[in-house]
Number of protein chains: 2
Amino acid sequence: MSGHLTIALDAMGGDLGPEAVVPGAALALQKKKNLRFMMYGDSKKIEPLLAQYPKLAKVSVVHHTDFAVSPHEKPGVALRAGRHSSMRLAINAVSEKQAHCVVSGGNTGALMAMAKMVLKCLPGIERPAIASLLPTVDKEIVMLDLGANLECNSEMLVQFAILGSVYARVVRGHSQPSVGLLNIGSEDAKGHEEIREAAAILGRIQFPGKYAGFIEGNDIPMGTVDVVVTDGFTGNVALKTAEGVSKLMTTVLKKKLKESPLAMFGAFLAMGALKKLKAEMDPRRYNGGMFLGLDGVCVKSHGGMDAFGFSNAILHAAEIADKNFNVRVAAEIAEVMAQEQRIKAEISSEIDEPKEMVS
Amino acid sequence: MSGHLTIALDAMGGDLGPEAVVPGAALALQKKKNLRFMMYGDSKKIEPLLAQYPKLAKVSVVHHTDFAVSPHEKPGVALRAGRHSSMRLAINAVSEKQAHCVVSGGNTGALMAMAKMVLKCLPGIERPAIASLLPTVDKEIVMLDLGANLECNSEMLVQFAILGSVYARVVRGHSQPSVGLLNIGSEDAKGHEEIREAAAILGRIQFPGKYAGFIEGNDIPMGTVDVVVTDGFTGNVALKTAEGVSKLMTTVLKKKLKESPLAMFGAFLAMGALKKLKAEMDPRRYNGGMFLGLDGVCVKSHGGMDAFGFSNAILHAAEIADKNFNVRVAAEIAEVMAQEQRIKAEISSEIDEPKEMVS
């Protein structure tokens, strides 16, 4: 695989299946020439599409399977019954070192369960998190967890902070990314016990980012920090709320612009700017839920994505694999765990020492 | 107080204090002539402002106090030390039936703690929730809890659903408001145990709304339901994220429109439409966190609000008091509790009855 990056694709995942996956791979290949693909799924559907993209066909191998995980299958059922599914075979390709990473637009719960079972977590990571890039006023930020873990203890939140920081540093090139814990106020006493404990740990350890304290919901789109850390329930709701509000604003703007001929003409003149706004906020640009913390690179494309959206999920996966994210994370996690051990040892030795009596 | 609605105002609350409260009251009075005001705070600051609004001055009584709750005071401290504060005296006016409702722009935690202690919860309500109106594509919806309760059990979520439904019905005029539980997916198996249990209860009881199932973050701005129910942590993060994204969109739109002279000219022509968009999404229109579930009407104005924002908090409070919201809620809660008792009794009598043997 020298010089090449091989991507295993679950060609049957997502609402459009191969019709988004194959042209999506073609788009990604245009942007990154060293990609190679292994496509898993129904070859009768994949191959006619592939024939339309000769350059892509040259660098792709199709592995036929009749089975696909259904979008509403429960993760446990998918695990047991999906051994020959396109999703599972694509993940296997990564664990067998045939591919550098896997991308699927299929059932999130099934993908997470299979990826965890097959690829395993990196040493020191309790549970993987789903991370994504988000647009803000002047830069892209990373946010996690977006739905893998409904409830998170303080150690998981700390691990997410490390995962997010290493991602921002290695993949996005921030030398010292700032990390905020999502809360309902910035004062120390605010929020759950878990989050306050996570804040205390992040305040005392050395890690690849810089702990910036508690942040609130409005800080996410304002880009107050480079990495937003939260539990999967809150993260999922916040992300989807943000997507919804962005859509609402566009809808209302369009409606208002159509209400008068003068406004319509104005909008026509400002079309270029409005298109740029739309392009900059386009959720397809930010498509790709990265499963961070696994010993292998796995990226989830949104089920409703078209080829352009799917191509971005491929490019995100390629970037993580290319920059050796997982090796870096493993080293950082080991370092932080050693620090915590030292701190705990210091605390217990202090307790053991007899205290001087105050006369 | 016949025919009049008397509003007790904490004139010292919020970043601007009396400078937002007094002109805010004047604006509210323009829209609703039957308002009367009791203003609590520093009379040396209130009276000169009041002198500028002769109509308001005629219907207002100023009660001087030297004390005000500081914005960062912990609720417990405010409770003990704030007995003579403008906030506390304004709440007392409601419990002593001098006023129909109280509005404050002060410290949320302190206001909630004081209001709960002085006004008490309605019978059957465990904890009050903070509710607010939000703009969506084609209507306003109600969302709660927005920050009073970090963690909520299933019964609290059910109570919030009832509070929100009665509000939507009595105050907003929806005959049978649809109620959604905020979750990370719409399938039954998604989410915390508390939320799944709340869903089961809402599915079997009769209440003033119609249970519409689980909804996701993007459903909030799309207006999928009339009432969104969630815990205070998630609700607070979602609300602030929505505010932030709305601001981000406006900022990026402005930036893009300034990038070319043609776009600027277009924006100039479309100015009316852009202004309408801004007005429709203006957070000041939706200002007023309503503390639902208390035996008395208490509304929190956002601390950063100006006079226009504060006037809307006053009008929301007046509407709730005017339409006898609390009396209706108390009746509905009693009805639901009786239903649950009947259901529990039926279940236990079924268990007691000897089952027929299958031969």
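Predicted model: local features only at pLDDT ≥ 70, side-chain atom pairs only at ≥ 80, totals over all residues.

Let's start with chain A as background. For its 359 residues, a compact globule would have a radius of gyration near 21 Å, and the 23 Å of chain A agrees with that. Its C-alpha trace spans about 90 × 60 × 40 Å along the principal axes. Chain A contains 14 helices and 11 strands, and 54% of its 359 residues are buried. Among contacts in chain A with a separation of 6 or more, 73% are between residues 24 or more positions apart.

Now for the close look, in chain B. Helix α5 of chain B (residues 86–95) packs against helix α6 of chain B (residues 108–119) at an angle of about 30 degrees, and their axes are 10 Å apart. Angles under 35 degrees count as roughly parallel, so α5(B) is roughly parallel to α6(B). The crossing of these two helices is right-handed.

Which residues make the contact? From α5(B) come B:Met87, B:Arg88, B:Ile91, B:Asn92, B:Val94 and B:Ser95. On the α6(B) side, the partners are B:Ala110, B:Leu111, B:Met114, B:Ala115, B:Val118 and B:Leu119. Sorted by class, the contact of α5(B) with α6(B) has nine nonpolar residues, two polar and one charged.

How values were computed. Residues numbered from 1 in each chain as written. Chains lettered and ligands numbered in written order. Axes fitted to C-alpha atoms, helices over the stretch in contact; angles between N-to-C directions. Helix = DSSP H or I, 4+ residues; strand = E, 2+ residues; numbered from the N terminus. Parallel < 35°, antiparallel > 145°, perpendicular 65-115°, else oblique. Left-handed = near helix turned anticlockwise from the far one by under 90°. Contact = placed C-beta atoms within 7 Å. Nonpolar A, V, L, I, M, F, W, Y, C, P; charged D, E, K, R; others polar. Rg over C-alpha atoms; globule rule 2.2 N^0.38 Å. Buried ≥ 20, exposed ≤ 12 C-beta atoms within 10 Å, placed from the backbone.
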